[in-house]
Amino acid sequence: MNDALSWGGIITQIILQFMPTLIALVITFAVSITYKRKLGLYGKLFDSTIGMIGLALVLFWVYTAVFAGVFDLIATHDPLDQSASMKKKLPGTPYTKLIGTPDPEAGAYYLLGGDNLGRDVFSRVIAGSIKVILIAPFATIFAFMVGITLGLPAGYYGGKFDTVLSFIANLVLAFPVILLFYLLVTPEIVLTGIPVYMAGVLFIFPVIFLVILWNSRYHTQPAKRNVYLAVTLVIGLWAYLGIAWDMDPLGIISFPPNLLVVFVSVVFVNSPTVFRIVRGLALDIKTRDYVAAAQTRGEGPWYIMLWEILPNARGPLLVDFCLRIGYTTILLGTLGFFGLGLESESADWGKMIIDGRRLLSANILHIAIPPALALLTLVLGLNFLADGLREESLRD
């Protein structure tokens with residue numbers, strides 16, 4: 001049987017496992033720094049030390065999730081595989097499926113030890129990154145689509161439309177976020193089917209946003225507009241049917257029920273805040289001279305909102321986008337901590353932390369610390385990235 005790895009051996013092996021991520025990170029930074037003057041606001045991030053650190057931390061977990069989820073790299077074991085002989089084993093312990101039976105693959109170790117069920121902590125941290133990267137950014141994008149689609153006309157037109165939407169947004173925001181999130185994912189609410197109907201309403205907004213975007217931009221070029229609209233409607237409605245209603249006619253797109261509930265909850269909780277931010281920006285920017293110039297040229301309201309106001313609000317919105325992904329990551333961890341949201345056996349960072357917390361009093365630290373550090377580094381990276389974007393957008 002193989003001997004246990006020393007800490008030097010554990011760190012070396014972990015670095016080797018992360019080699020695809022590190023190579024992708026180096027290539028990304030090398031290319032970005034070389035052409036940073038041609039890359040707009042993204043390129044200007046490389047003039048900010050804080051921005052570069054934040055981007056590195058975020059891309060580290062993004063690339064990790066991609067290589068682990070798409071190419072089945074980095075993780076050393078199946079995150080759900082249990083071994084009775086590996087329960088609560090220390091980092092660097094050689095893997096055995098059964099007590100006294102060595103793993104047929106020489107050099108197979110639990111690099112960060114085993115949890116209370118004998119599962120590999122390292123592989124579960126990697127699998128947890130897939131869940132976070134799959135839910136947090138995309139759910140935030142959906143929330144921004146809802147907030148932008150409703151916030152722009154509310155701020156631009158004002159009147160009763162603004163009053164009604166602002167009242168609804170304030171009504172949702174009156175509930176504490178974590179309590180609202182907690183209620184939406186409880187089994188009793190899920191059984192009512194409310195999250196599915198919410199998905200049906202909220203997930204149509206990206207399609208509406210893109211249709212209005214293309215129509216306002218190319219209304220004087222009907223041929224090009226019709227092509228963009230056709231592609232958007234075909235792909236958008238196909239994805240909408242599969243994600244929201246599980247009715248993809250081709251059977252390709254489908255969301256697991258628990259994942260859909262969490263996704264909908266994130267969109268619903270974040271949309272009112274995004275709405276208020278966009279509305280406030282629209283109220284301010286619509287008084288600028290370039291908006292008056294566009295009105296004088298005879299441009300339509302939606303053209304002005306989407307192609308004059310929105311681009312000039314990109315700085316604050318990008319900063320809020322990064323911060324909101326961080327908030328969402330913390331919320332997902334909190335749900336996992338309470339045992340809600342995703343499947344109980346899924347590799348969820350919050351669930352791993354609560355499992356490990358129970359063993360801290362017995363000086364078993366290796367179960368709770370790795371997922372806690374993963375959550376910390378990702379959220380810290382998003383905050384640093386937001387600071388870098390804020391710093392550079394103010395100079396822009």
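Tutor: Happy to; we'll go through cavities and pockets, then a helix, then salt bridges. Keep in mind that this is a predicted model.

Student: Cavities, then. How many of 30 Å³ or more does the structure hold?
Tutor: There are four cavities of that size, 30 Å³ or more. The largest cavity has a volume of about 70 Å³, and twelve residues line it. Those closest to its centre are Val132, Leu332, Gly333, Asp348 and Trp349.

Student: Which helices supply at least two residues each to the lining of the largest cavity?
Tutor: Helix H5 (121–157), helix H15 (314–337) and helix H16 (349–357) each do. H5 provides the largest share, with four residues.

Student: And the lining by class, what's in it?
Tutor: For the largest cavity, six lining residues are nonpolar, four are polar and two are charged.

Student: What about the second largest cavity, how much space lies in it?
Tutor: About 50 Å³. The second largest cavity is lined by Asp115, Arg119, Val121, Arg124, Met352, Asp355 and Ile367. By class that gives three nonpolar, no polar and four charged residues. H5 and H16 each supply at least two residues of this lining.

Student: H16 keeps coming up. Why is H16 described as largely enclosed by the rest of the structure?
Tutor: Because seven of the nine residues of H16 are buried. They are Trp349, Gly350, Met352, Ile353, Ile354, Asp355 and Gly356.

Student: What caps the N-terminal end of H16?
Tutor: Aspartate 348 does, with a side-chain oxygen 3.1 Å from the backbone nitrogen of glycine 350. Aspartate 348 also featured in the largest cavity, as one of the lining residues closest to its centre.

Student: Switching to pockets: how much space lies in the largest pocket?
Tutor: About 410 Å³. The largest pocket has 22 lining residues, and Val58, Phe321, Ile325, Leu382 and Leu385 lie nearest its centre. That lining divides into 21 nonpolar, one polar and no charged residues.

Student: Which helices supply at least two residues each there?
Tutor: Helix H3 (40–44), helix H4 (49–70), H5, H15 and helix H17 (369–395). H5 gives the most to the largest pocket's lining, with six residues.

Student: Back to salt bridges. How many does a search of the whole structure find?
Tutor: Eleven. One more worth a look is arginine 37 with aspartate 47, where the closest N and O atoms are 2.9 Å apart. Arginine 37 sits in the loop between helix H2 (19–34) and H3, and aspartate 47 in the loop between H3 and H4, ten residues apart.

Student: Is that pair exposed or buried?
Tutor: Arginine 37 is exposed, with a relative accessible area of 62%, and aspartate 47 is partly exposed, at 33%.

Student: Which residues are linked in a network of salt bridges?
Tutor: Lys36, Arg37 and Asp47.

Note on methods. Residues numbered from 1 in each chain as written. Predicted model: local features only at pLDDT ≥ 70, side-chain atom pairs only at ≥ 80, totals over all residues. Heavy atoms only, no water. 1 Å grid on protein atoms, 1.4 Å probe; cavity = no way out; pocket = protein on both sides within 12 Å on 5 of 7 lines; lining within 4 Å. Points joined across faces, edges and corners; volume = space filled by probe spheres on them. Nonpolar A, V, L, I, M, F, W, Y, C, P; charged D, E, K, R; others polar. Buried < 20%, exposed > 50% of the residue type's maximum accessible area, 1.4 Å probe, protein only. Polar contact = N/O pair within 3.5 Å; in protein donor to acceptor, adjacent residues only side chain to side chain. Salt bridge = Lys/Arg side-chain N within 4 Å of Asp/Glu carboxyl O.
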